[in-house]
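Let us read a few features of a model together, one question at a time.

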Amino acid sequence: NYVAVGFGGTTLISPDGRRWSQTASGTAQDLYSVGFGDGLFVAVGQTILSSANGVTWLPRSTELGLSLEAVAYLNGAWVAVGDNGQMRVSPNGIEWTTAFSGTAQNLYSITYGKGLYVAVGASGTIQTSSDGTTWTTRNSGTTYDLNGVLHANGLFLAQGNGGVILTSSDGLTWAMQAPDIWNLATAAYGSGYFVIVGQNGEIVTSRDGTNWLSIGSAWMFNTLPGVAFGRGSATNGNFVAVGYG
């Protein structure tokens, strides 16, 4: 299943990315990100929820002032990051503890690859860690907010405001690619393509992370903050992008 989350505790589920139905999250708090791993969906935002099937959701936090922007199942554990450098970790998606991210900047995305955690955020922030405990600040070469980071096909990819696209082979040293004109939000990889979505319905694609093609969108006046790739038994795979409106 595909699962999407949003403002007001909105949760949606789809078997194919085309037919969607709303589910009951049990909360009216905003949700900003959802991930899947080890047989569990986890959604985060102003609270933390988990679900074994994407339909029935259970609360996993009563913490006040929580604002988590992204969650992912990485290296056998759950990691969530958010505003003011907030970081929460969990071995199972149910019990969560506070971790130190090494920064007070807002963090918007986190990934793992080649033995390295990489988190990105406001003002070009890039934090890396080999163990998820001790973090080091890296030079991104930009002061634009970085909204997303992904490791796929042997490459780290980060993107953000001002159309900034950064790539790295090791997560430590980053190179600027030709920027796009719109703010860019989230990336996904599948079927040999990187796909990034963002402001004004922008969609850009690349096979190598260096040469990018803008293909636009029918949603030209709506921001697309999320994109995912998934395979189903009846298809070779779909990219699904979601956004405002």
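Q: Is Ser 101 buried or exposed, and why?
A: Buried means under 20% relative accessible area, exposed over 50%, and partly exposed in between, with a 1.4 Å probe and protein chains only. Ser 101 has 1% relative accessibility, so Ser 101 counts as buried. This is a predicted model: local features need pLDDT of at least 70, side-chain atom pairs count only at pLDDT 80 or more, and totals for chains, interfaces and linings use all residues. Residues are numbered from 1 along each chain as its sequence is written, and side-chain values use heavy atoms, leaving out hydrogens and water.

Q: Where does Ser 101 lie, and which residues does Ser 101 touch?
A: Strands (E, at least two residues) and helices (H or I, at least four) are DSSP runs, numbered from the N terminus. Ser 101 sits in the loop between β11 (97–98) and β12 (107–113). Contact means heavy atoms within 4.5 Å. Leaving aside residues up to four places away in sequence, Ser 101 touches Gly 85, Met 87, Leu 107, Gln 127 and Trp 135.

Q: How are aromatic pairs read?
A: A pair of rings is described by the distance of the centres and the angle of the planes. Rings of Phe, Tyr and Trp (its six-membered ring) pair if their centres lie within 6.5 Å; planes under 30 degrees apart count as stacked, over 60 as edge-to-face and the rest as tilted. The count here is eight aromatic pairs. In one of them, Tyr 117 and Trp 135 have ring centres 6.4 Å apart and planes at 55°, so the pair is tilted. Tyr 117 belongs to strand β13 (residues 116–121) and Trp 135 to the loop between β14 (126–129) and β15 (136–138), so the pair ties together parts 18 residues apart in sequence. Both Tyr 117 and Trp 135 are buried. Tyr 112, Tyr 117 and Trp 135 form one aromatic cluster.

Q: What is the strand order in the open sheet of three strands?
A: Two strands pair if DSSP finds at least two bridges between them. The order is β1-β2-β3, with antiparallel pairing. β1 (2–5) and β3 (21–23) are the edges, each with a single partner strand, so one side of each has no neighbour in the sheet.

Q: How many bridges join β1 to β2, and how many join β2 to β3?
A: β1 and β2 pair over four bridges; Ala 4 has Leu 12 as its partner in β2. Three bridges join β2 (residues 11–14) to β3; there, Ile 13 is partnered by Ser 21.
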